[in-house]
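Colleague: Before I use any of the labels on this model, I want to know what stands behind them. Please take me through them one at a time.

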Amino acid sequence: MREDIRPFLDRVEKPGRYCGGEPGSVFKDPAKTVLRAAFCFPDTYEIGMSNLGMRILCQALNGVDGVWCERVYAPWVDMEREMRARGIPLFTHESGDAVGDFDVVAFTLQYEMCYSNVLNMLDLAHIPLRADARGEEDPIVLAGGPCAYNPEPMAPFVDVFSIGEGEEALPELARLYVSMKREGRWSRAAFLREASHLEGFYVPSLYEIAYNADGTVAAIEPRWPDVPRRVTKRLVADVDNMTVPTDPVMPFIETVQDRVALEVYRGCIRGCRFCQAGFISRPVRERSVPALCRIARETVDNTGYDEISLMSLSISDYTRIGMLTDRLLEWTDDRHINLAIPSLRADSFTKELMDKVTSVRTTTLTFAPEAGTQRLRDVINKNVTEEEILRACRIAFEAGKNQVKLYFMIGLPGETYEDIAGIETLASHVIREFYQTPNRNRARPPQVTLSVACFIPKPQTPFQWEGQDTMESLDEKQRFLQSRITDRKIRYNYHDARTSHIEAIFARGDRRLADAIEWAYRDGARFDAWEDHFDYDRYMRALAACGLDPAFYANRSIPDGELLPWDMIDCGVRTEYLLRERHRAAEGRPTPSCREQCSGCGADGLVDRAACTWCPGGAMRAADGAVHKEEEPQGTQWTAREKPTPGIAQPPGTPQTEYRPIRVRFAKREPALYIGHLDLARAMTHGITRSALPVYYTEGYNPRPKMVFGSPLSVGCGGEAETLDLRIRADVTNEEVLARLGAAMPDGLPILAVTDAAEKLTAIAWARCRLVFHSPRADEAHAEAIRRLFCAPVFMMKKSKSGENEVDITTLIRSLDVRCGDEPGTLTVTAVLACSGEKYLNPEYVAQAIARDTDLVTPQSWHTACREALLRADLTEF
């Protein structure tokens, strides 16, 4: 951890975001690297650490000889404020080095509302915002992700865009950089020119964009004859053997996706006309069941996650979903690993799938009809009927479910108020279906939640030419739907149309929008994807200041033949196909899925035609459209084991299994110092899962190891005598627990000892704590001032279960000693503080009193806190 962030780290929200040192971090010798890359996620640590693509690409780059790729996340506003006040630049998580000193700075652009954060991170790194302002010593700024399919709004800020899948493309670019450096022929201009020759890389500075008088794009011309007119996306053909992070970096704090993300296949067979992800990820490429089981098992073994999320655009369209879930359940049930799926299609939802997948059995079911009437569902090519939606809900109701969530959009092309009214009608029909289900759960009434987003025209889709509704129209439609909903069993949530409007402007924008993005950033734009930070009026001012009309980008219907700002990008799907789909939408004609009929989108031309599962000649498509049964390797673990009951965790406390209580003693040190109690419990759970120890689990659908901690530690407080009580199978020795659990725990949480739990945790009454202040004023005079301070009552506002009250904290202090430290500029306070269930004093209250009532603490000073021992009432060590 960087030393210069210690003085204020305890004053920012979630300091564990910035400490680094997580298990699985990659460290290399900078002296032996030719290319140092900083991979940046332009949002918070919790979101970035959940991004599977970033994990994959960091591992791919670190696999290249001479390359070290480190991670960077956008600091939250409180951390940014402290960094700017102290002149601390943006830094990486691994080495802590300044991002501006790296060779390549890469950004993943997952959504348009992160653009202001990209500029803020560049500025924090002291990197010129504009590409044309960077010199030979500045990093190459690289960007990729879904938003790169229209790179133009960010083109003036980015040196190179990676188009498509990066597992093979980014290592190829890195090898080009390394070879040019080693051969002594590297220059900024030469590298960018050669990068443009690689498939899948777009260099904006090598293209000239001309505009017509009406603001439309007149021409997109390469500046040099060797620069390609169109950049074709990169694609990974062999998804079974591509880079997979089965031993990823493990965060100390909770993230958005705190589970194994198992990517089952890429692409989508459906062709929903509004869905950018479905078109840019074509063709469909499925992973084999053996490969998926291997990836899942290795990742669980290495991470200790207790849930596997089956990831794809439509998981129930995976042709071997039954086989996959069966194979996973053969070992996940025994280890109490849950299976989860993030999305469902009503037309392929079955009772068998619900029975197998834990998340479906225990949470609200979610379906996405997208439109309220069949007519509009045909327009958008959402090939699902009301009958199929109600059938899926009936299956859920028969299984005891009573809550359903439905996703819709308003403002779709061709929409009428009858279609909007159909949203409420469909929700009412779901309620009716519940009451018509004989064996429903009668203990609770049904609940249908409607989540309604605003349509946003996205590049590389059939609806890229369609305009978004005006703000006034969207607002009127939202109010209309609200007025239709009178049943309290229907909840209505809708997205902010103002955010959707800005997103539409960016989605269909050109290079001229960069001026407005920079204007808004300099006016304070940050974290625009967060409601409490987004300012719609700021962007309206920015567009006006730059002479740009928001309606030109967001609301205009674009003619078929108009040159689009992103036409230099080839996503692999033919423009003729997209236009054909646009016209079929206008006629209300749906298009069959790829599984039913190949529509000739052109994606099969990107790779060997056999790589597209459903195109003619696809390797997994028989003449009648049936999928060939996959050959299973002989001797695999699942063929030799008795299959457990699918989806039902076997109760651990069965009569034939005996468990005994044990006490695990552990320490909490850096880099785990800045995590709270819940994150500590999560880290312990992961360690127990990795160790595969036969501990007692709670019962029910979501079993967890039964853990009881001695006394919680606050964020930033270390501990050298912490206790955790578990119940272990009787035949497992304490020595075996110590060895296996000790090997499974991350740095910062060492296991010190394992003993029988002979004494109850209620015997703990006091704790001996040590506070070490690092201050230029640390001397004997200040030590004496602290002694005098605690000789009299010290009142502090103290939080408790009953609320916040003023308390004399000296009544919770058994003893307190102060002395100057062995190191110059340090002062040590050793205190015995209350630590029972009834009375407890966090050592931070002592530190706060010292900071408030003495002048020891300065802006440059900092302190550490550590609980050295837990004590009984007679002050003997517990």
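Modeller: What follows goes through some labels and the values behind them. This is a predicted model, in which local features need pLDDT of at least 70 and side-chain atom pairs count only at pLDDT 80 or more, while totals for chains, interfaces and linings use all residues. Residues are numbered from 1 along each chain as its sequence is written, and side-chain values use heavy atoms, with hydrogens and water left out.

Colleague: Why is arginine 36 called buried?

Modeller: Buried means under 20% relative accessible area, exposed over 50%, and partly exposed in between, with a 1.4 Å probe and protein chains only. Arginine 36 has a relative accessible area of 15%, so it is buried. This residue lies in strand 1; helices (H or I, at least four residues) and strands (E, at least two) are DSSP runs, numbered from the N terminus.

Colleague: What does arginine 36 touch, not counting residues up to four places away in sequence?

Modeller: Contact means heavy atoms within 4.5 Å. On that basis arginine 36 touches Pro30, Trp68, Glu70, Ser95, Asp97, Phe102, Asp103 and Val104.

Colleague: What makes the pairing of arginine 36 and aspartate 97 a polar contact?

Modeller: A polar contact is a pair of N or O atoms within 3.5 Å; within protein, one must be able to donate a hydrogen and the other to accept it, and residues adjacent in sequence count only if both atoms are side-chain atoms. The side chains of arginine 36 and aspartate 97 are joined at 3.0 Å.

Colleague: Why is serine 25 called buried?

Modeller: Its relative accessible area is 15%, so serine 25 is buried. Serine 25 sits in the loop between helix 1 (6-9) and strand 1, and its side chain reaches the backbone oxygen of glutamate 22 at 2.7 Å. Leaving aside neighbours within four places in sequence, serine 25 is in contact with Arg71, Glu94 and Val249.

Colleague: Why does threonine 854 count as buried?

Modeller: Threonine 854 counts as buried because its relative accessibility is 14%. Its place is in the loop between helix 25 (843-853) and strand 29 (862-871). A polar atom of the threonine 854 side chain lies 2.6 Å from the backbone oxygen of isoleucine 850, and one lies 3.4 Å from the backbone nitrogen of leucine 856.

Colleague: How do you know that strand 25 and strand 26 pair?

Modeller: Two strands pair if DSSP finds at least two bridges between them. Strand 25 (residues 795-800) and strand 26 (residues 803-808) have six, in the antiparallel sense.

Colleague: What makes strand 2 (67-73) and strand 6 (201-202) edge strands?

Modeller: Six strands form an open, mixed sheet in the order 2-1-3-4-5-6. Strand 2 and strand 6 each pair on one side only. Strand 6 is joined to strand 5 (residues 160-162) by two bridges, and these strands run antiparallel. In this pair, serine 162 stands opposite phenylalanine 201 of strand 6.

Colleague: Which residues make the contact of helix 6 with helix 7?

Modeller: Helix 6 contributes Leu173, Leu176, Tyr177 and Met180, and helix 7 contributes Ala190, Phe191, Glu194 and Ala195. They divide into seven nonpolar, no polar and one charged; Ala, Val, Leu, Ile, Met, Phe, Trp, Tyr, Cys and Pro count as nonpolar, Asp, Glu, Lys and Arg as charged, and the others, Gly among them, as polar.
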